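Here is a short tour for anyone who likes to follow strands and their partners. Please keep the sequence and the model open as you read.

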Amino acid sequence: MRKIAFATLLLGTIAGCTKHDPILPGVRTAIFDEGETNIINTPITDLAATPIAMENIDCPYRQDASNVIWDGERRIYTGFPTGNSVRTTQSPICVGNYVVAGLTTGEVVKLNPKSRQIAWTADVYRPSNMTGGASVLDIVAPIVIDGDAVYAGGMGDAFCRINLGNGRIKWCTTIGVSSPFIIAHPAAFVMGTDGVLYAVRLSDGAVYWKTEIGKCARLSYADGVLRACKTKINASTGEKM
């Protein structure tokens, strides 16, 4: 009878773990609704001359490949370790009294490092990845915070804008990300794991343009010109120069 009761409890627990159920304390944003990427094929107007610069030099916290965040020798967050992950130099970002970090489980978490309370957790991967669509969900690219917006991309085929205050996802696009991206208003320039460079509209996640680049992990931007490894691109139109 004990075995039957245990099995029933286990099945009930698994059945209850839908994509809308929280696993960790705090508010949780479920996996985004997957749909077709909206490609509008429109030039970008009023493009900023310089990108958003993230300075994180005074953030004293570190994280390891097992999704543990440390304050010196003190654990301030313990996530779920994953069997498959990639090497990363990802570091937590300090913002106000909080820390924001991307995990190998495809999640972004915001927590208070003093109380160790989790403010929110957001899933950054496609729904199909829950059923074996991808074995690696790591958020490898550095997260960028711009005002109340958190931009994060992961290897689970998702690039998302998350509200810093409440963790709600404003939009996601189905772009796999493994290298640093650039935020230059009104666009994000994202090198996809498919070898395609995307210009994503920050307001709604629509894609202004995309252009085939090939294997490249180095992306820079200044004065309307993108450089993807050895290729120069007109940032407004996506045309190669």
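## Confidence along the chain

Residues 1–23 keep a pLDDT under 50, and for this stretch the model has 10 contacts beyond four places in sequence. Please bear in mind that the model is predicted. Over the protein, pLDDT averages 85, and 81% of the residues score at least 70.

## An open sheet of three strands

Let us turn to a sheet with 3 strands, which is open and has the order β2-β3-β4, with antiparallel pairing. Its edge strands are β2 (62–63) and β4 (74–78), each of which pairs on one side only.

Strand β3, residues 68–71, is joined to β4 by 4 bridges, and the two run antiparallel. To find your way into this pairing, look for V68, whose bridge partner in β4 is T78.

## V150 in strand β10

Strand β10 covers residues 149–154, and V150 is found in it. With a relative accessible area of 0%, V150 is buried, because the cut-off for that word is under 20%.

Which residues surround V150 once its neighbours within four places in sequence are left aside? The contacts are V100, I143, V144, I145, C160, R161, I162 and L164. As a further guide to the fold here, V150 and K170 lie 20 residues apart in sequence, and their C-alpha atoms are 9.8 Å apart in space.

## T211 in strand β16

Further along, T211 has its place in strand β16, which spans residues 207–212. Is T211 buried or exposed? Its relative accessible area is 11%, so T211 counts as buried, the cut-off being under 20%.

Not counting residues up to four places away in sequence, T211 touches G195, V196 and L197, and also G238 and K240.

Strands β17 (residues 219–222) and β18 (residues 225–228) pair in the antiparallel sense over 4 bridges. Within this pairing, S220 has R227 of β18 as its bridge partner. The two strands form a hairpin with 2 residues between them, and in the turn D223 has a positive phi of about 50°.

β18 also pairs with strand β19 (residues 231–234), in the antiparallel sense and over 4 bridges. Here the bridge partner of V225 is N234 in β19. The hairpin of β18 and β19 has 2 residues between the strands, and C229 takes a positive phi near 55°.

Methods:
Residues numbered from 1 in each chain as written. Predicted model: local features only at pLDDT ≥ 70, side-chain atom pairs only at ≥ 80, totals over all residues. Heavy atoms only, no water. Pairing = 2+ DSSP bridges. Buried < 20%, exposed > 50% of the residue type's maximum accessible area, 1.4 Å probe, protein only. Contact = heavy atoms within 4.5 Å. pLDDT = per-residue confidence, 0-100.
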